Amino acid sequence: MIYIILMLFLLAYLVFLFRNIGEKKNILIMDKSIIFSIIILLIFITSVFFNTSKITQHHEYDKILMKHQEIRTNISNIKKNIPKLKSKLEKDPAYYQGWVMLAKSYLITDNLLSSSYAYEKAISLKSDDKIILEEYISSLINLNPKSYKEKILKTFNQILALDNTDINIYNMQLNYSIK
C-alpha cells in the first residue's frame, strides 16, 4: 500500500513539475536538478521496496510452501491408510506397533478420542513403554483433562513406577496439576 502512495506522490510531483501552471517554458527537462531529484526518488522507492519486500528470501518461501504441501500430502496418505491399518488390527489385535501407529495416525488427523482408544489398546499389550505412556497422557490432556483425570493420574503413576528418576515426568505431572 505504501508503494502505491509513493508512486502516486512521484506521479503528482512529475505532473506538477512538468506542467507547473504557467511556467512551463522555464522548466527544462535537461535541468540537472530535476533529473537528479527524479533519480534520487526512484532510488529511494526502489531501496525501500527491496528492503521491506524480502524478495531476496523468496526461495525460503518456496521451501516453506513445498514443505507444507508435503505435509498435506502425508496427512492425506495417513487418512487413506487408517482403514487398512484398522482392518489389519482386526485380524491381529495383538500387534502392538499397529496400535501405536493407529494412535499416532489419529493424533495427526486430530481425532483425539480414537487416538486415546488406540493408545489404550497399545498400553494393554505393552505397558512399559514410557514414550507411549507420555503420548497417551498428552492425548488425554488435549482431549479433556478433567474428564480423564483418573486415567491421566493412573498413567503418571505407571510411568513413575517404571522410572522415578525422570524429572521430566515430574514436571509434566506438575504442569498437569496446575492447569
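**Following the contacts**

Reader: Which residues does Ser139 touch, not counting residues up to four places away in sequence?
Author: Let's start with the word: a contact means heavy atoms within 4.5 Å. Once residues up to four places away in sequence are set aside, Ser139 touches Leu107, Ser115, Ser116 and Tyr119.

Reader: What kind of model is this?
Author: Residues are numbered from 1 along each chain as its sequence is written, and side-chain values use heavy atoms, with hydrogens and water left out. Local features need pLDDT of at least 70, side-chain atom pairs count only at pLDDT 80 or more, and totals for chains, interfaces and linings use all residues; the model is predicted.

Reader: How many helices and strands does the protein chain have?
Author: Helices (H or I, at least four residues) and strands (E, at least two) are DSSP runs, numbered from the N terminus. Reading along the sequence gives the pattern α-α-α-α-α-α-α-α. The count for the protein chain is therefore 8 helices and 0 strands.

Reader: Is Ser139 buried or exposed?
Author: Ser139 sits in helix H6, which covers residues 130–143. Buried means under 20% relative accessible area, exposed over 50% and partly exposed in between, using a 1.4 Å probe and protein chains only. Because its relative accessibility is 0%, Ser139 counts as buried.

Reader: How far apart are the C-alpha atoms of Ser139 and Tyr117?
Author: Along the chain, Ser139 and Tyr117 are 22 residues apart. Their C-alpha atoms are separated by 10.0 Å.

Reader: At what angle do H4 and H5 pack?
Author: Two packed helices are described by the angle between their axes and the distance between the axes. Axes are lines fitted to C-alpha atoms, for helices over the stretch in contact, and angles run from 0 to 180 degrees between N-to-C directions. H4 (residues 96–108) and H5 (residues 112–125) have axes 8 Å apart, and the two helices pack at about 160°.

Reader: How are H4 and H5 placed to each other, roughly parallel or roughly antiparallel?
Author: Angles under 35 degrees count as roughly parallel, over 145 as roughly antiparallel, 65 to 115 as roughly perpendicular and the rest as oblique. The angle of about 160° therefore makes H4 and H5 roughly antiparallel.

Reader: By class, how many residues does the contact of H4 with H5 have?
Author: Among the H4 residues meeting H5 are Trp99, Leu102 and Tyr106, and the H5 side includes Ser115, Tyr119 and Lys121. Ala, Val, Leu, Ile, Met, Phe, Trp, Tyr, Cys and Pro count as nonpolar, Asp, Glu, Lys and Arg as charged, and the others, Gly among them, as polar. On that basis, the contact of H4 with H5 has 13 nonpolar, 2 polar and 2 charged residues.

Reader: Where does Asp110 lie, and is Asp110 buried or exposed?
Author: Asp110 is not a glycine, yet its phi is positive, at about 65°. Asp110 is found in the loop between H4 and H5. Because its relative accessible area is 62%, Asp110 counts as exposed.

Reader: Which residues in H6 meet H4?
Author: H4 and H6 pack at about 35°, with axes 12 Å apart. From H4 come Tyr96, Val100, Lys104 and Leu107. Their partners in H6 are Ile132, Glu135 and Ser139.

Reader: Is the crossing of H4 and H6 left-handed or right-handed?
Author: A crossing is left-handed if the near helix is turned anticlockwise from the far one by less than a right angle, and right-handed if clockwise. For H4 and H6, the crossing is left-handed.

Reader: Leaving aside its neighbours within four places in sequence, which residues is Lys86 in contact with?
Author: Lys86 belongs to helix H3, residues 58–91. Because its relative accessible area is 38%, Lys86 is partly exposed. Leaving aside neighbours within four places in sequence, Lys86 is in contact with Leu102 and Tyr106.

Reader: At roughly what angle do the axes of H7 and H8 cross?
Author: Helix H7 spans residues 149–162 and helix H8 spans residues 167–178. Their axes come within 10 Å and cross at roughly 165°.

Reader: Leaving aside its neighbours within four places in sequence, which residues is Gln173 in contact with?
Author: Gln173 is in helix H8. Its relative accessible area is 19%, so Gln173 is buried. Apart from neighbours within four places in sequence, Gln173 is in contact with Leu153, Phe156 and Leu160.
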